[in-house]
Amino acid sequence: AGTLPMARRQLLTEEERASVFGVPTERAALARHYTLAPGDLDFLAARRGAANRLGAATWMALLRHPGELQRLVADPALINTAVEELLRYESPLQLNNRRLTAELEIGGQGIPVGTFVTLCIGAANRDPAVFADPDRLDLARKPNNHLAFGQGAHACSGMNVARLEARIAVGRLLARYPHVTAAGDAERDRRVRFRGLRHLPVDLG
């Protein structure tokens, strides 16, 4: 942060930092070192997933569901719920990790405190107990409590930037190329954790 302009380093007062970070005012000076880092990470995190998010979303979801694609073309106001549904349907991050802070039982199997677990976000976002007809793409789906960005204290720091990127990119793509269609088979990235594509042939119409 030492190379950033002074104006950016002084965005928050000590009292504001104390409020934002939930620490006593006398400890807020420490928080100044972390004030900008989360903001910068917002952009880094969002950009890292942008190719996966937009590539997988437009191909695996919109291009394979031309009826829903044309629904969005006809009603651009659906873009907010559409992006949330695309994130649920083809989550760019499929796996995440946590360490248990309390004992947990799943399916009759006890898991002790401290266990490092791998969570499948893709599976959670297709949970029929949470989502009606979870394998159906519905660009107007509400409610849509997906876990593409995680939740709680460890939610993705770049989620708001990521949402904005997706709304702009998908919205403008369809506004300019409303008749876009698939022009061949897509090639998936071989990584398991990230759901992205290596190759995406399209016909812009």
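Visitor: Which residues form a nonpolar patch on the surface?

Guide: This is a predicted model, so keep that in mind as we go. The patch is made of Leu200, Val202 and Leu204. Together they have about 200 Å² of accessible area.

Visitor: Where is Leu204 found?

Guide: Look in the segment after β8 (202-203). Leu204 has 36% relative accessibility, so it counts as partly exposed. That class lies between the two cut-offs: buried is under 20%, exposed is over 50%.

Visitor: Now a residue from a helix. Is Glu85 buried or exposed?

Guide: Use the cut-off again: buried means under 20%. Glu85 has a relative accessible area of 0%, so it is buried. Its place is in helix α5 (residues 79-89).

Visitor: What does Glu85 touch, leaving out residues up to four places away in sequence?

Guide: Glu85 touches Arg136, Leu137, Asp138, Leu139, Arg141 and Asn144. With Asn144 there is also a polar contact between the side chains, at 3.1 Å.

Visitor: On to charged pairs. How many salt bridges does the count come to?

Guide: The rule asks for a side-chain nitrogen of Lys or Arg within 4 Å of a carboxyl oxygen of Asp or Glu. By this rule the count is nine. One of them joins the side chains of Asp138 and Arg71, at 3.0 Å from N to O. Asp138 lies in the loop between α6 (121-124) and α7 (159-176), and Arg71 in helix α4 (residues 66-74), so the pair ties together parts that are 67 residues apart in sequence.

Visitor: How do I class Asp138 by accessibility?

Guide: Asp138 has 13% relative accessibility, so it counts as buried.

Visitor: Which residues are linked with Asp138 in a network of salt bridges?

Guide: The network links Glu68, Arg71, Asp133, Arg136 and Asp138.

Visitor: Which residue forms a salt bridge with Glu84?

Guide: Arg163 does, with the closest N and O atoms 2.6 Å apart. Arg163 is in helix α7 and Glu84 in helix α5, so this pair ties together parts that are 79 residues apart in sequence. Arg163 is buried, at 17%. Glu84 counts as buried too, at 15%.

Visitor: What about Arg126 and Asp135: how far apart are the closest N and O atoms?

Guide: They are 2.9 Å apart, and the two residues form a salt bridge. Asp135 is at 52% relative accessibility, so it counts as exposed. Arg126 is partly exposed, at 24%.

Definitions and conventions:
Residues are numbered from 1 along each chain as its sequence is written. This is a predicted model: local features need pLDDT of at least 70, side-chain atom pairs count only at pLDDT 80 or more; totals for chains, interfaces and linings use all residues. Side-chain values use heavy atoms; hydrogens and water are left out. Helices (H or I, at least four residues) and strands (E, at least two) are DSSP runs, numbered from the N terminus. Buried means under 20% relative accessible area, exposed over 50%, partly exposed in between (1.4 Å probe, protein chains only). A polar contact is a pair of N or O atoms within 3.5 Å; within protein, one must be able to donate a hydrogen and the other to accept it, and residues adjacent in sequence count only if both atoms are side-chain atoms. Contact means heavy atoms within 4.5 Å. Patches are made of residues with over 30% relative accessible area and no salt bridge: like charges are joined within 9 Å, nonpolar side chains (Val, Leu, Ile, Met, Phe, Trp, Tyr) within 5 Å. Accessible areas come from the Shrake-Rupley method with a 1.4 Å probe; for residues, only the protein chains shown count as cover.
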